[in-house]
Structures are given as C-alpha cells and as structure tokens.
Amino acid sequence: MLDLQRLRALHAVSVHGTVGAAALALGYTPSAVSQQIAKLERETRTVLLEREGRGVRLTDEARQLVVTAQELLAIVERAETELEERRGRPAGRLTIAAFASAARGLMPGVLAELGRRHPALDARLREVDPHLSVDLVAKGAVDLAVAHDWDIAPLPAPPGLEQALLGDDLCDLLVPAGHPLAGRTAVRREELGGERWICQPPGRVCHDWLLRTLRTAGHEPDIVHQADENPTLVALVAAGLGVALIPRLGRGPLPAGVVEVPLDPMPVRRLYALWRTGAARRPAIAECVRVLGEQWPKVAAHPPR
C-alpha cells in the first residue's frame with residue numbers, strides 16, 4: 001500500500017525542483033522529506049531520485065509515480081472540498097501564493113481578517129513570483145495564488161483554473177531629487193531615452209515589462225543596477241544611481257531624495273486571484289477571494305507617498 005504522505009513528498013520535489021524547496025512548501029525539514037522518499041523507494045523497490053550536481057533529478061519511474069500521485073491528491077482535494085462544502089464554512093488548511101509586493105502590501109490584512117472571521121481556517125502564505133505561482137496552482141502545490149500581469153503582457157491562465165480580477169495597481173517613475181524630470185507633472189514614455197535604469201533581474205515580470213515598454217517607445221534601456229526587492233530599488237534611486245519604474249502596492253513611503261513622477265499614460269498592472277476549477281466550491285476559496293476583494297480597495301485608496 002502506497003503512503004499518501006510519501007507520494008505528496010515526491011510530488012512536491014517534482015513541482016519545486018529540490019528537496020529543500022519541497023520541504024519549505026510542505027512545512028517539513030529537508031531531512032523529513034528525504035526520509036519520506038527513502039521509505040517510498042523501499043516500498044516500491046524503485047530508485048526515485050538520483051544525484052545531479054548539488055541537487056537531485058527524478059528517475060523515469062519517479063515521474064510516472066508523480067502522475068499517479070497528482071491524480072490521488074486531486075481525489076483527496078475533491079473529498080476535502082465536499083466535506084467542507086457540506087459543513088458550509090471555511091475550514092482546514094489553505095495555502096496562498098503571492099508575489100512579493102502583494103505579500104507585503106495586501107496579504108497581512110487579508111490573512112488577519114480570515115483568521116478573525118474563521119478560526120477553523122488555517123491560511124498560510126508563500127511568497128512566489130507570479131509567473132511561477134500560476135503553475136503551482138495548476139499542479140495542486142498551492143490552493144490559491146495572487147498574481148499580476150501588465151497592460152502589455154497579459155497573464156497566461158492555463159485550462160482548469162478560474163480567476164477573479166481584484167483591481168489595478170498603478171506604477172510611477174521614481175527619480176532622484178534634482179533630476180531634470182523631478183519637477184514634471186507628467187512624463188511621456190518617449191522622453192525616457194538615455195536614462196540609467198534600476199530594475200529587477202531578467203526573468204522577472206517587471207524586468208520584462210520594462211524592456212518591452214521602452215523598446216515599444218523606441219529606446220533600448222541602459223540597465224545599470226538590478227535587485228530583487230522594491231525597497232532596494234528605491235534605496236538605489238535615493239542614492240542618485242538611476243531611475244526606476246515601481247508599482248505602488250507594497251512600496252512604502254518614499255525616502256528623502258526620491259521624487260515620484262507620473263507617466264502618461266500611467267503603467268498599470270492588474271491583480272488576480274487564481275484557483276483550480278475543481279476547488280471552486282470550497283468555502284475557504286470563496287471566502288478568501290471575497291476578503292481579497294474587500295481588502296484591495298482599502299489598500300489602493302491609500303497609496304504610499
């Protein structure tokens with residue numbers, strides 16, 4: 001008899017790529033995940049993981065077992081959904097993935113409100129880049145994701161997922177005090193040539209958006225500094241090292257030495273909640289989407305200055 005928890009551990013390694021990342025997602029230690037998979041190997045008399053450099057890779061037999069594991073986990077999810085639906089109230093564990101600025105600027109209020117209204121609901125947050133979180137929802141690694149797209153780069157939503165639009169997050173040009181654009185009431189994108197840019201690394205949604213936006217306006221951006229977190233980008237602007245396009249959500253108050261200049265037209269990213277169609281009847285999902293919809297206007301109504 002195959003143990004469901006051991007299959008869940010193998011499935012998590014498949015989704016997240018490493019034992020350490022799988023352990024973080026499951027709330028276990030890496031040692032515990034390794035032990036679960038070692039026991040599964042003994043039960044199946046099959047090698048499931050092989051060393052590859054500093055990491056591991058799944059064998060062909062493991063990948064086949066992951067397909068079965070995903071089917072079994074989907075059956076368990078349906079059973080849990082039906083039970084929760086019969087009770088008529090949100091309960092059990094709900095894992096939510098959110099990108100960094102939503103995790104900072106939106107989710108604290110959402111999680112606090114869910115906990116206040118529904119003590120039987122164990123809502124847990126994971127910070128995940130938006131282009132990864134959609135896939136995690138589709139694979140059953142998380143229950144719901146808060147993701148975003150940009151006006152020129154729509155969010156791809158694979159079949160089997162439902163989504164709800166939460167609202168629009170505006171984006172401003174941040175420049176050092178004393179910069180020639182600092183006193184402007186608005187700046188067009190065509191005027192941004194020749195600037196030294198500070199942005200997130202390649203592969204991140206905001207980086208790709210900046211490249212596409214400026215190239216569309218006829219400029220090849222000179223990216224001089226890269227950092228993952230928006231507060232770091234703001235600090236680099238404050239030091240006079242370049243300019244940045246940064247959304248308002250989760251940005252925090254601007255330090256001395258940084259001036260916000262609106263762009264015309266103003267860049268917009270849309271925020272969505274996404275969940276699996278099979279889980280749509282689950283009261284916890286419906287309530288989380290409801291609370292997200294309630295909290296977003298409160299956050300958007302008080303942009304940082």
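View 1. Helices (H or I, at least four residues) and strands (E, at least two) are DSSP runs, numbered from the N terminus. This is a predicted model, in which local features need pLDDT of at least 70 and side-chain atom pairs count only at pLDDT 80 or more, while totals for chains, interfaces and linings use all residues. Residues are numbered from 1 along each chain as its sequence is written, and side-chain values use heavy atoms, with hydrogens and water left out. Along the principal axes, the C-alpha atoms fill a box of roughly 70 × 50 × 30 Å. Of the 305 residues, 45% are buried (under 20% relative accessible area, with a 1.4 Å probe and protein chains only).

**View 2. Here helix H1 (residues 4–16) meets helix H3 (residues 30–44).** Their axes come within 9 Å and cross at roughly 115 degrees; axes are lines fitted to C-alpha atoms, for helices over the stretch in contact, and angles run from 0 to 180 degrees between N-to-C directions. H1 and H3 are therefore roughly perpendicular (65 to 115 degrees). On the H1 side, look for Gln 5, Arg 6, Leu 7, Ala 9, Leu 10 and Val 13, which touch Val 33, Gln 36, Ile 37, Lys 39, Leu 40 and Glu 43 of H3 (contact means heavy atoms within 4.5 Å). Sorted by type, the residues of this contact are seven nonpolar, two polar and three charged.

**View 3. Now for the largest nonpolar core, with 26 residues.** A core like this is a set of buried Ala, Val, Leu, Ile, Met, Phe, Trp, Tyr and Cys residues joined through side-chain atoms within 4.5 Å. Leu 144, Val 146 and Leu 292 touch the most other members. Among the elements that give two or more residues are strand S3 (92–98), strand S5 (144–150) and helix H10 (283–300).

**View 4. Zoom in on Leu 292 and its contacts.** Setting aside neighbours within four places in sequence, Leu 292 is in contact with Leu 106, Met 107, Val 110, Leu 144, Val 146, Leu 166 and Ala 273.

**View 5. Last up, H6 packs against H10 at an angle of about 130 degrees.** The two axes are 9 Å apart. That angle makes H6 oblique to H10 (oblique is whatever remains once under 35 counts as roughly parallel, over 145 as roughly antiparallel and 65 to 115 as roughly perpendicular). Met 107, Gly 109, Val 110, Glu 113, Leu 114 and Arg 117 in H6 meet Glu 287, Cys 288, Val 291, Leu 292, Glu 294 and Gln 295 in H10.

Methods. Ala, Val, Leu, Ile, Met, Phe, Trp, Tyr, Cys and Pro count as nonpolar, Asp, Glu, Lys and Arg as charged, and the others, Gly among them, as polar. Buried means under 20% relative accessible area, exposed over 50%, partly exposed in between (1.4 Å probe, protein chains only).
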